[in-house]
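Subject: Structure handed over, with notes

Dear colleague,

Please find below the structure that I promised to pass on. My notes on it follow, and I would be glad if you read them with the model open.

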Amino acid sequence: MNTTIKVTLTDHSKINEVDFNNLLFGRVFTDHMFECDFVDGEWVNPVIKPYGPFEVEPSARVFHYGQAVFEGMKAFKDDNDTIFMFRPDENFRRINKSAKRLAIPEFPENLFFDGLTNLLRIEKNWIKKGRGNSLYIRPFVIATEGAIAASPASKYKFMIILSPAQSYYNQDVRVLFAEKYSRSADGGVGFAKAAGNYAAQFYPTSLAHEKGYQQIIWTDASTHEYLEEAGTMNIFFRVNDMLLTAPTNDRILDGVTRKSVIQLAKDNDIEIEIRRVSVAEIKEAAKKGELLEIFGSGTAAVINPIHGFEHGGDIFDLPKLENSYASLFKQQLMDIQYNLTEDPHNWRYKV
Ligand SMILES: *Cc1c(COP(=O)(O)O)cnc(C)c1O
């Protein structure tokens, strides 16, 4: 098996055409990408080459049956130009967990990290210093075999593309608790970063937008009585000084940020219960003025405070807090990510 990465560099960098102070999320990509093919039962021919379109047969399984998984992670630069990733081993494990569920062959660990670190070193100028700046990393796998039989493909492409990102400032996020639609079901693929999970949310989310809500908090598919997670974020509730979050299961994505927030809560002696959280108890707490915060956690926004919600026609606004848990966790996570503080749990990964 040939696992030496062949590198072809572009002769025209786009970096000077990019306005790094006005980046929309996921619109601009760096000069190069990583690509590796699965053929005859092996991952072969890893290459780094100029970012750009490529040919795939119209009959490729990915277009018909959504056989595709992805990851989302970030690289950061500290004041000395050292590059770090945040817990990339978690993303490596997760992409293979997702792949396995979608009958996609697992990707080798050494190639994942070699591809990633080589690509990041080539694109180091695209990672800007300063709090909030990062390079969003999107590894993904697609079924490329041209054959429309409804069965797993025998050919795949693993790729990594990179997009410079700024932490978007938190607008006034308000959410709808799901009462009709579901994101995932028992025994399904909700725990996987499977492409189709996201397409299935677009329509219900657009209905929420029409009502003035940015996102939906998904509830369990069978009763809609328990709060599970947002579309791309896990979710935390603060009732008085107690944090609550749902346990992960086959319907909920096991977020790296979620895991890190749970650890930070313990480090800060904040009480946290990982258990089913009912819509009824959250509405009750809100009525009593005991619901102090709701926030989402995910790689893209890190921590995203939620200021209000609607369920069953009842609308609730949350208080504006001075010292929120959300801002504490965001600060502490970013301090670790930008190498501004100790890293007691070894979350930083030097590139
Ligand atoms: C990616 C994702 C998250 C957040 O996971 P992180 O590892 O923290 O980025 C949460 N929920 C869903 C559905 C996701 O796709």
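A word on burial before anything else: a residue is called buried under 20% relative accessible area, exposed over 50% and partly exposed in between, with a 1.4 Å probe and protein chains only. Please keep in mind that this is a predicted model, in which local features need pLDDT of at least 70 and side-chain atom pairs count only at pLDDT 80 or more, while totals for chains, interfaces and linings use all residues. Residues are numbered from 1 along each chain as its sequence is written, and side-chain values use heavy atoms, with hydrogens and water left out.

Overall architecture

The protein holds 7 helices and 20 strands, where helices (H or I, at least four residues) and strands (E, at least two) are DSSP runs numbered from the N terminus. The C-alpha trace spans about 60 × 50 × 35 Å along its principal axes, and buried residues make up 54% of the 351 residues. If contact is taken as heavy atoms within 4.5 Å, then 72% of the contacts with a separation of 6 or more are accounted for by residues 24 or more positions apart.

The chain is divided into domain 1 (6-165) and domain 2 (173-337), with bounds that come from an automatic or database domain assignment. The C-alpha centres of the two domains lie 27 Å apart, and 22 residues of domain 1 are in contact with 24 residues of domain 2.

The nonpolar cores

A nonpolar core is here a set of buried Ala, Val, Leu, Ile, Met, Phe, Trp, Tyr and Cys residues joined through side-chain atoms within 4.5 Å. The largest one has 42 residues, of which F34, W43, F112, L120, I137 and F158 touch the most other members. Among the elements that give two or more residues to this core are strand 2 (32-39), strand 3 (42-50), helix 2 (88-101), strand 7 (133-143) and strand 8 (156-166), but helix 3 gives the most, with 6 residues. This core also draws at least three residues from each of domain 1 and domain 2. Leaving aside neighbours within four places in sequence, F158 is in contact with residues that include F34, W43, I95, F107, F112 and P139. Apart from this core lies another, of 23 residues, among them I235, V239, M242 and A286.

Aromatic pairs and charges over rings

A search of the whole structure finds 23 aromatic pairs; rings of Phe, Tyr and Trp (its six-membered ring) pair if their centres lie within 6.5 Å, and planes under 30 degrees apart count as stacked, over 60 as edge-to-face and the rest as tilted. F38 and Y156 form an edge-to-face pair, 6.0 Å centre to centre and with 65 degrees between the planes. Because F38 lies in strand 2 and Y156 in strand 8, this pair ties together parts that are 118 residues apart in sequence. F38 is buried at 13% relative accessibility, and Y156 is buried at 1%. The rings of F112 and F113 have their centres 5.3 Å apart and their planes at 75 degrees, so this pair is edge-to-face; F112 counts as buried at 0%, as does F113 at 9%. Ring pairs link a cluster that includes F34, F38, W43, F112, F113, Y156, F158 and Y349.

A charge is said to sit over a ring if NZ of Lys or CZ of Arg is within 6 Å of the ring centre and within 35 degrees of the ring normal. The charged end of R276 sits over the ring of Y226, 3.8 Å from its centre, and that of R348 over the ring of F84, 5.7 Å from its centre.

Two single residues

K155 is placed in the loop between strand 7 and strand 8 and is partly exposed, with a relative accessible area of 41%. Beyond its neighbours within four places in sequence, K155 is in contact with F38, V39, I142, A143, T144 and E145. H311, found in strand 18 (residues 308-311), is buried at 13% relative accessibility; with neighbours within four places again left aside, H311 is in contact with F177, E179, V279 and K283.

With best regards
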